[in-house]
Amino acid sequence: MTDLNQTLFDRARQVIPGGVNSPVRAFRAVGGTPRFVKRSQGAYFWDANDKRYIDYIGSWGPMILGHGHPAVVEAVQKAVLEGFSYGAPTEREIELVEALLKLMPSMDMVRLVSSGTEAGMSALRLARGATGRSKFIKFEGCYHGHADALLVKAGSGLATFGNPTSAGVPPEVVQHTLVLEYNNIAQLEEAFALHGKELACLMIEPIAGNMNFVRASVPFMKRCRELCTQHGALLVFDEVMTGCRVALGSAQSVYAQSIPGFEPDVTVLGKVIGGGMPLAAFGGKRAVMEQLAPLGPVYQAGTLSGNPVATACGLATLKEISKPGFFDALSARTQSLVDGLTGAAAKAGVPFSADCQGGMFGFFLLPELPQNYAKVMTSDSPKFNQLFHGLLDKGVYIAPALYEAGFVSGAHTADDISATVQAAAEVFASL
Ligand SMILES: *Cc1c(COP(=O)(O)O)cnc(C)c1O
């Protein structure tokens with residue numbers, strides 16, 4: 001039988017670099033042929049060969065209700081009939097922002113944009129504009145989109161700033177980016193002692209989802225908050241992945257449970273808040289947000305920002321996940337997956353650790369949960385690739401790289417979870 005995924009991949013590679021429009025889709029880390037998606041419904045999608053997969057990526061997070069949720073489809077269909085885009089304001093933008101402010105009281109105002117990259121880049125510009133400072137801190141393994149100043153890896157020491165991780169980023173553009181180790185309090189304190197007065201912000205994924213799944217420890221987060229306050233730097237939470245995904249109130253609500261009164265200064269959102277459409281946002285306190293044009297001197301704009309179809313999709317998604325019991329059920333289902341996988345690995349004697357929060361999870365072929373990027377990268381990559389392909393063969397689609405998180409949706413049933421655990425048990429036994 002011809003593999004239609006291969007046929008499409010060969011064709012795509014002639015006209016699209018690497019055959020994909022975002023690199024991780026190309027399966028370079030795990031090898032093999034990317035699956036071209038033909039259609040989807042609920043917890044499943046079907047590839048070009050009409051093979052069905054249980055989907056644990058959900059568009060890398062946005063599809064928290066599963067694919068084609070009827071209420072969302074209806075809202076989008078209605079919006080499309082009213083118009084695609086105006087370049088003029090609409091009531092739906094206010095409704096979406098008001099909904100976000102209710103979920104995250106750390107924000108007084110929000111600006112809508114079209115991608116997480118745009119939101120992260122704009123939040124950084126805002127932080128720099130609002131503080132009049134240029135330097136900022138980010139952490140190794142955290143991804144904040146592909147804006148030039150954010151594509152940085154650690155330099156040779158704390159006194160030096162980062163090196164670009166991409167060609168095409170001039171070293172001068174990242175000379176103000178300080179890259180630190182995640183969860184390393186001593187290094188954080190040293191960095192603030194050296195550069196505190198020059199720091200515009202500290203940008204962090206509170207639960208990192210771009211080095212698989214690594215939580216910022218509560219003491220570490222507490223110290224981030226204290227040092228930012230003490231030195232007049234803004235604490236910027238990149239919740240593009242965790243926003244309305246790890247809890248209805250996002251990761252900031254999770255940390256507020258352990259750190260009384262905890263709030264970030266600026267929040268960056270995307271993924272779930274657009275429900276699968278190109279929509280993202282950044283928001284914060286009024287005094288900071290009013291630095292943005294047209295009120296203030298920080299320029300930021302977008303032709304498709306607050307798009308009426310995207311906002312309809314986001315609003316309908318937020319409405320569904322706000323229903324009583326949604327997050328409890330989602331969290332329980334995700335926990336049952338993590339427990340099932342952990343049990344199956346133990347039975348097969350495979351070193352394994354896993355964690356989850358709300359509808360987001362991660363697992364490692366390591367005996368203990370890693371606390372930073374360097375530890376994540378000690379995972380057994382060939383074993384992970386075997387696991388990935390074993391699951392793929394059995395119709396279970398997880399992220400095609402060991403440094404990515406996974407996502408459960410409201411459409412995943414207990415049967416989907418047990419089928420997944422069963423498939424994993426068989427693959428573990430063969431590792
Ligand atoms: C996905 C992601 C981004 C980038 O969002 P895009 O919409 O892909 O540009 C930024 N930050 C985090 C934490 C993300 O997970």
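Predicted model: local features only at pLDDT ≥ 70, side-chain atom pairs only at ≥ 80, totals over all residues.
**View 1. Helices α10 and α13 cross in a right-handed way.** Residues are numbered from 1 along each chain as its sequence is written, and side-chain values use heavy atoms, leaving out hydrogens and water. Helix α10 covers residues 326-348 and helix α13 covers residues 414-430; their axes sit 9 Å apart at an angle of about 20 degrees. (Axes are lines fitted to C-alpha atoms, for helices over the stretch in contact, and angles run from 0 to 180 degrees between N-to-C directions. Helices are DSSP runs of H or I with at least four residues, strands are runs of E with at least two, and both are numbered from the N terminus.) That is why α10 and α13 count as roughly parallel to each other. (The cut-offs: under 35 degrees is roughly parallel, over 145 roughly antiparallel, 65 to 115 roughly perpendicular, and the rest oblique.)

**View 2. Here is who meets whom between α10 and α13.** On the α10 side, look for Arg333, Ser336, Leu337, Gly340, Leu341, Ala344, Ala345 and Ala348. Their partners in α13 are Ala414, Ile417, Thr420, Val421, Ala424, Ala425, Phe428 and Ala429. (Contact means heavy atoms within 4.5 Å.) Sorted by class, the residues of this contact are twelve nonpolar, three polar and one charged. (Ala, Val, Leu, Ile, Met, Phe, Trp, Tyr, Cys and Pro count as nonpolar; Asp, Glu, Lys and Arg as charged; the others, Gly among them, as polar.)

**View 3. Helix α13 also meets α12.** The axes of α12 (residues 381-393) and α13 come within 9 Å and cross at roughly 140 degrees, which means that α12 is oblique to α13. This crossing is right-handed. From α12 come Gln386, Leu387, Gly390 and Leu391, and from α13 come Ala423, Ala424, Val427, Phe428 and Ser430. The class count is six nonpolar, three polar and no charged residues.

**View 4. Helices α5 and α6 pack at an angle of about 5 degrees.** Helix α5 spans residues 185-195, helix α6 spans residues 218-231, and their axes are 10 Å apart. So α5 and α6 are roughly parallel to each other. Ile185, Leu188, Glu189 and Phe192 of α5 touch Pro219, Phe220, Arg223, Cys224, Leu227, Cys228 and His231 of α6. Their contact has eight nonpolar, one polar and two charged residues.

View 5. Domain 1 runs over 1-64 and domain 2 over 70-321 (bounds from an automatic or database domain assignment). Together they bury about 590 Å², 68% of it on carbon and sulfur atoms. Trp60 lies in the loop between β3 (52-55) and α2 (70-82), and its phi is near 65 degrees, a positive value in a residue other than glycine.

Technical notes:
Left-handed = near helix turned anticlockwise from the far one by under 90°. Buried area = accessible area lost by both parts, 1.4 Å probe.
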